[in-house]
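Trainee: I would like to learn how to read helix packing and a sheet. Can we go through one example?

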Amino acid sequence: MASHEHRPLGGKIVTAPFLVLLVILFVAVIVLTQRFAFGLGAVTHLSDGYPWGIWITIDLIIGTALGCGGLVMALLVYVLNRGDYHPLARAGLMTSLFGYTLGALAVLIDLGRYWQGHNIFFPWLWNANSVLLETALCIFVYIIVLAIEFAPAVFERLGMNEARRRLHKILFVFTGLGVLLPMMHQSSMGTVVVLLGYKLSPLWQSHLLTLFFLITAFTIGFAAVAFESVLASVCLRRPFDTPILSRLTGIMAWVMLGFMIVRYADVVRLGALPLALAGDAKAVSFWIEFFLGAAAVLLLMPKANRSSPRFIFLGATAMLFNGALYRLNAYLIGYDPGDGWSYFPSLGEILVTLGIFALEIMLYLMVVKLLPVLHAARRAAT
Amino acid sequence: MLGGDHRPASHDFGDLDGYAGALGGLCRRDFLKFCTGVAATLGLSPALGVRIANAATDPGRPPVIWLSGQACTGCTETLLRANHPTIDTLILDMISLDYHETLSAGAGAQAENYKDQSMKRHWGSYVLVVDGAVPTRDGGIYCKVAGETFLDSVKKAAAGAGAIIAMGSCASWGGIPSSGPNPTLAKAAHEVLPDKTIINVPGCPPNAYNLLSTVLYLLTFAKAPDLDDKNRPKFAYGRLIHENCERRAHFDSGRFALEFGDPGHRQGWCLYKLGCKGPETFANCPAIGFYDTGEGAWPVGCGAPCFGCTEKGVGFTKPIHSLATVLTLTPPTAFPSVGEPRGEGITPGAAAALAGVGGAALGAGAVLASRLGKAAEPASEPAPTSDDRQQPSR
């Protein structure tokens, strides 16, 4: 059935924006050559106080959350059996595949002794008590699962109908895993920062971090789908998926409202509110995060707004940046290792991060043009 | 009827005055080790350990009479914490603790009689330990034991004492009871016994081994150990805490805890700025620790600033968190901060890159949002203007 709904966009791969992205990627590759030749210290501002910088925080922690579009769509379409959201599912899966693959790439780049990275494949070398091991294995397996979930699109393009038919029979297993695995490791990303203890400001430190990271995986994942859908419509000259997005947005507005209530009730319960009035960088970041969340709810809650691509775009953007900033705060801005440590990403770190995002957009542009990913039924109407 | 007589026959104890019996089960080797340890604490040659052992087990050894006045029993508690040897071996065998209001088995007239007998029998040779300050206002009526004021019993016991030890800060220099407003006009032992030489073992409480070592020194050599100008044994109170503190290196490097629980405090930095009185207090706390519980078992070792309990005019007098007067070396007024900046911060390149990306994203977002607003109505008919709009080739 899906075969009738998705079609490759076709068109030229190498366009002006593509070339710009290629230049950004090229710069990142130069920086990375330096990083692998001379070590992390040559390129990054990482230190003993801040062993994780933006490569982990933005590329992995936020990057994989952006890749949770696949999780949100798989949950809605297959688990809750809401087939009407199906047109967005394949695009969601694709974003997930890219988000996670590039997240894993970021980990490899950030791994100090990357030549020992293969040790994760040997179970007898595992530290079974490590939360990071769970996260790493989960992400690794999930990338494989995503590849399998996305495989029908490739089979369809290559005309491998027999393989597609066979895969379709067992695909529900992978869809199930595709929902389970990200829920496991996205919540574990919250658990990791619980372990930071007092080093994380009470504005973010909470026993509910696990839950908050799971919810932000959903809000960011959804926002990424909506954001990407609107952006694709404008940039690739496609019609808006407004009716589907509108319904989805309605659900997410309530999820976001629920998240806001639990999140800030928790801050009040923990007595951390005075810190929000401290006037330092942490407090400013806390309020920006709060206002982005509030803006998302206010923009998306009124029913009339939900039929306007502009409000959906603005609301989804606010929701996306709320979740992203929440994660950035919990991992980096709210984190203070004490002893005078400070950190601000180096130019090299920023360029590599930009390069990874450029690569993601380039892959997206290539794949939607070559593979049947985007919903075709509406396109036919134009 | 009651299942027989369970009292052990007297021969179970063996010869009470010989080594095995007198030491309450402590074997000879362990006891000699202890005495050698005492010799080391006193700064004496280890060979003197044997002499100490002989003195401690001498059947005719002078008894210790312990009088408690305005005290909190902390000094007795500290004695109970001695565990090489344990308290039972200590008071039954090693020193002859003949009278102690808290530890005596007997009570009332029985205990008082025993005290009088013991004092009479050993007149001129027993060791008197005074613990607690002596109230002197209104004839000393604010502390009485057995109908007698503490002032009188101390004077009476001191008359026949071979040596007098003031145990704890209260007895040594007045301690808490003498702090303002001092309603009972509490005084130190040496103030009410002006014509006697009193060995002061101050502390709140003092380390039990300081008392024990002093007593054994008296028994062994029949004279007081070397005393400083405040009559404190030099072996225990000859050195400044600050000079022997395990945190001293932090003081010299200017690494100070500024608040309880701050990063410096957590990492065991110097407590001077939290009001530690180590720089003006003489005691051996950092050197021997308390009660055999291992390294660092003393206030500064566990993160609590020293409050100067062994020094008159410091403990219970200076505010706990006020800065100490550093006797040896005054620190410079400016020290490096606790949080010495480390790691690398923002660089112009990074700032420019971030600003560029942020600006571009903001601009693109704004343009997009405005275009979306215009496009909201004719959404189904976007104007094809770029290569990307091309129809699929297949």
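Trainee: At what angle do helix α8 and helix α12 of chain A pack, and how far apart are their axes?

Mentor: Note at the outset that this is a predicted model. In general, two packed helices are described by the angle between their axes and the distance between the axes. Here α8 (residues 209-235) and α12 (residues 309-333) of chain A pack at about 145°, with axes 8 Å apart. The crossing of α8(A) past α12(A) is left-handed.

Trainee: Which residues of α8(A) and α12(A) meet?

Mentor: From α8(A) they include A:Leu209, A:Ile220 and A:Phe227; from α12(A), A:Phe313, A:Leu320 and A:Arg327 are among them. By class, this contact has 16 nonpolar, 4 polar and 1 charged residues.

Trainee: Now the sheet in chain B. In what order do the strands lie, and is the pairing parallel or antiparallel?

Mentor: Strands of a sheet pair through backbone hydrogen bonds, either parallel or antiparallel. In chain B, 5 strands in the order β2-β1-β3-β7-β9 make an open sheet with parallel pairing. Strands β2 (96-100) and β9 (198-201) of chain B each have a single partner strand, so one side of each lacks a neighbour in the sheet. From one strand to the next, the twist averages 25°.

Trainee: Over how many bridges do β3 and β7 of chain B pair?

Mentor: β3 (residues 126-131) and β7 (residues 161-167) of chain B pair over 6 bridges, in the parallel sense. B:Val130 is opposite B:Ala166 in β7(B).

Trainee: Which strands of chain B does helix α7 lie across?

Mentor: Helix α7 (residues 150-159) of chain B lies across β1, β3 and β7 of chain B, at about 165° to β1(B).

Key:
Residues numbered from 1 in each chain as written. Chains lettered and ligands numbered in written order. Predicted model: local features only at pLDDT ≥ 70, side-chain atom pairs only at ≥ 80, totals over all residues. Axes fitted to C-alpha atoms, helices over the stretch in contact; angles between N-to-C directions. Helix = DSSP H or I, 4+ residues; strand = E, 2+ residues; numbered from the N terminus. Left-handed = near helix turned anticlockwise from the far one by under 90°. Contact = placed C-beta atoms within 7 Å. Nonpolar A, V, L, I, M, F, W, Y, C, P; charged D, E, K, R; others polar. Pairing = 2+ DSSP bridges.
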